[in-house]
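Please keep the model in view while reading.

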Amino acid sequence: MLDRVETMASAARPTVTEVPSPNESPGRKVYIPPGLPGSLVSVKPRYENYLGGRWVAPAQGGYMVDLTPVTGRPICEVPRSTAEDIERALDAAHAAKTAWGETSLAARARVLNRIADAIEQNLEMLAVTETWENGKPVRETLGADIPLSADHFRYFAGATRSLEGSSTEIDRETVAYHFHEPLGVVGQIIPFNFPLLMAAWKIAPALAAGNCTVVKPASPTPWSILKLLEVIGDLVPPGVLNVVTGPGGEIGKALASNPRIAKIAFTGETVTGRLIMQYAAQNIIPSTVELGGKSPNLFFEDVLAHDDEFLEKAVEGLVLYAFNKGEVCTCPSRALVQESIYEPFMARCLAHIRHIREGNPLDTTTQMGPQVSRQQLDKVSSYVEIGRQEGAQVLVGGRRAEMPGDLAGGYYYEPTVLKGDNKMRVFQEEIFGPVLAVTTFKDEAEAIEIANDTLYGLGAGVWTRDGARAYRVGRAIKAGRVWTNCYHLYPAGAAFGGYKISGVGRENHRMMLEHYSEVKNLLVSYSPKPLGLFSE
Amino acid sequence: MNVPERDRGAAPAAPVPRVAATSRARAALAELRRTVGPVALFQSGGCCDGSLPLCFPDGEIELGPNDLRLGSVDGTPVYLDRRLLAVWGSSQWILDVADGAPEGFSLAAGPEAHFVARARIVAAGAFPDLERAAAAP
C-alpha cells in the first residue's frame, strides 16, 4: 500500500493540501485527495443511481454537485433524482424480492460475507472516500467506520443462520408454528454522519432477513455509498440493493410515503422522524427511527483517585465529544463532573482538548476534521453564540478554525467547551458539532437528575471505579445505551436505539432480524374430529 | 445577521415579539407561498440536519395536541413541540435564511438556501401570551 499513498516526504505536490500540524510521526501518512494522480480513489465526473444491478441515469436528467468539506470544492455530480426514480428502484426491488426471499440462508449469508470481504479488501480506498466526502479523520475511517461496516455484514451473515422460529404444542393435536418471513421491499434513509457505517447498519439486517431495499443516502454525503456499490454491486443479485440519490424533501418523501414499501427505517432529525412515522401510519407499515440526542457523560470523583491508565481513559472519554467532529447522535455533548474534582479533572481534559490536532482529515495524525457542510458549520457557530448570550463561559475554542492553503475553504470549527447550567439551551439542544457543555453535580442523586433532565435518551456515559455505582447509575439513566467506563464503542451485537424523543426501535443487534421480518403463524390441527359447533 | 423586522402577526401587546423574521426570510416565505401555496414552519429539536426550522407545505405534518403555535411570519405559522418550550422560553425566535440547500426534508428558502432560526435571549416572562397558550390544555 505504501506506494499508493502520499507520505509526508512527498507531500509537496501543489494539489495536495498543506498540512498545518508540524508534528512528525513515523507512521504518518497523508493520503492524496480522491481524483488526483496517485490517489487510491478514482472519481468520475458524474455518477448515476444504482437500480436493478445497473447504473441508471435519473429520469429527469437532473444532477447536483457533491462538495468535499475538506476544501469546500466539488468532488463530482450525483443524480438529483425525482419520485420517478424511486418508482424505478421499487420496480427493481419488487422484481427481485421473491427470489431473494426464497434464497437459502447459506446463500444469503455467503452474499453478506462476500460484501464484508470486498469492504475489507478495499478498506483504505473506502476510508479515504468516506473521509473526503464527510470530513471525518482518516484515522477514524481506517480504524472504525470501514472495519465496523465489514464486521456488520459478517455479524448478520451469522445471525440470520442462527435465527430460529418456534413451535408450540397447544394441545396434543394442535401445533402453532412460527416462521420469520421477509417483509419484501423496505425503504432506508441514511444520515450524513456515518454514511457507510449507517448504511451497513441498515442494509445488512434487511438483506439478511431476505428483504430487498431502496436506500436514500443523505444529501451532503451521496457519493461514498456509490463508491461502495462499485465494489459490492456485483456481489448482490440485481434489484436486491438499490441506491437513489437526491434531495430529502422530494425523494425521501417519495420513498417514505410510498405504498410499495413494507417498512421504513430512518436515522436523522426529529421533526423528519415524526414525518416518517406519520407516513408509515398512513400506509400502516412499521417504522424505526433513530433521532437526536444530548447524551450526558458522568464523571464521579473516584476517577481521580489514582493517577493511572484508567484516569487517562476517563479523560479521553470526555474528549470523545470531538469524535467525528461531534457529528454523532450519541455525542457525549454534556459532561457532568462531580464538583469535588471539577477543577483538576477539567484541567487535564482541557489540556488534551487544546492539543487536538485539527486539519486535513486525510492526514493520519489529524484528530479532527471539518464539519460536513457549511450549513452545519453555521449552525455550530450560531449555537455557541446562543451559549455566550445565555452566559455560558467559553473554556476553550468558540470560533471557526482558520486553516491554511486549500483547507481555507473548508468547514473547520475549533473544539469548544462551554461551562454553564443544564437549563441553558446549549445543554438542551443538539448542536451536532464539536461543542461540549460542561456542568457539575454534588452527588449521585443530582447526577442522575441532571442526566435525565433532557428530552432525549439515546446515549450516556458513566465513569467510576465503583462497580455498584456504575450499575445503579447506568440503570437509572433513561437512555438506550449507557457506556460504562467507555464511550463511542459500536460493536455489532450491542443493541442501539433511543428512549424518549430519541426514537423508536433498535439497530445493531440480532433482534433487528425480527424487525425486518413478518411473523407467520401456522396453526395446524392434526385431529380429524370436527369442532362440533355446527354438527347435528 | 440582518436586523429582524417585527412580525406583523404577533400580538401587538407583547413587549417583544416572540417570532421575528429578517427581510430575506420574509421574501423567501413570500416566494414559497407564491410557488408552493400555504406553508408552515416547524422548529426541529435536533440531530443531523436538525436544530433548524423546517418548512413544509401547510398540512404536510399533521398537527397534534402537543404542537404549540409559537407565532407567525406574515401569516405563515411557526410550530414548536410543547416539550421544547421550556428550552426556548427565554429566546426570541428570529427566522433567517442561510446559504446552502436544506439537508433534510425541508423546502428550500430559495435556490441553494435554507431557513435558520437565530435567537435573542430576552428576560424571562417576556412572552406572556405564549406561556398562557402553553398552559392551556
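In helix 4 of chain A, Asp145(A), Ile146(A), Leu148(A), Ser149(A), His152(A), Phe153(A), Phe156(A), Ala157(A), Ala159(A) and Thr160(A) meet residues of helix 5 of chain A, namely Leu196(A), Leu197(A), Ala200(A), Trp201(A), Ala204(A), Pro205(A) and Ala208(A). Contact requires C-beta atoms, placed from the backbone, to lie within 7 Å. By class, this contact has 13 nonpolar, three polar and one charged residues; Ala, Val, Leu, Ile, Met, Phe, Trp, Tyr, Cys and Pro count as nonpolar, Asp, Glu, Lys and Arg as charged, and the others, Gly among them, as polar.

This is a predicted model, in which local features need pLDDT of at least 70 and side-chain atom pairs pLDDT 80 or more, while totals for chains, interfaces and linings use all residues. Residues are numbered from 1 along each chain as its sequence is written, and chains are lettered from A and ligands numbered from 1 in the order in which they are written.

The two helices, residues 138-162 and 195-208 of chain A, pack at about 10° with axes 9 Å apart. Axes are lines fitted to C-alpha atoms, for helices over the stretch in contact, and angles run from 0 to 180 degrees between N-to-C directions. Helix 4 and helix 5 of chain A are therefore roughly parallel (angles under 35 degrees). Helices (H or I, at least four residues) and strands (E, at least two) are DSSP runs, numbered from the N terminus.

Between the chains, the contact takes 40 residues from chain A and 31 from chain B. Strand 8 of chain B gives the most to the side of chain B that touches chain A, with five residues.

Technical notes: Angles under 35 degrees count as roughly parallel, over 145 as roughly antiparallel, 65 to 115 as roughly perpendicular and the rest as oblique. Two residues are in contact if their C-beta atoms, placed from the backbone, lie within 7 Å.
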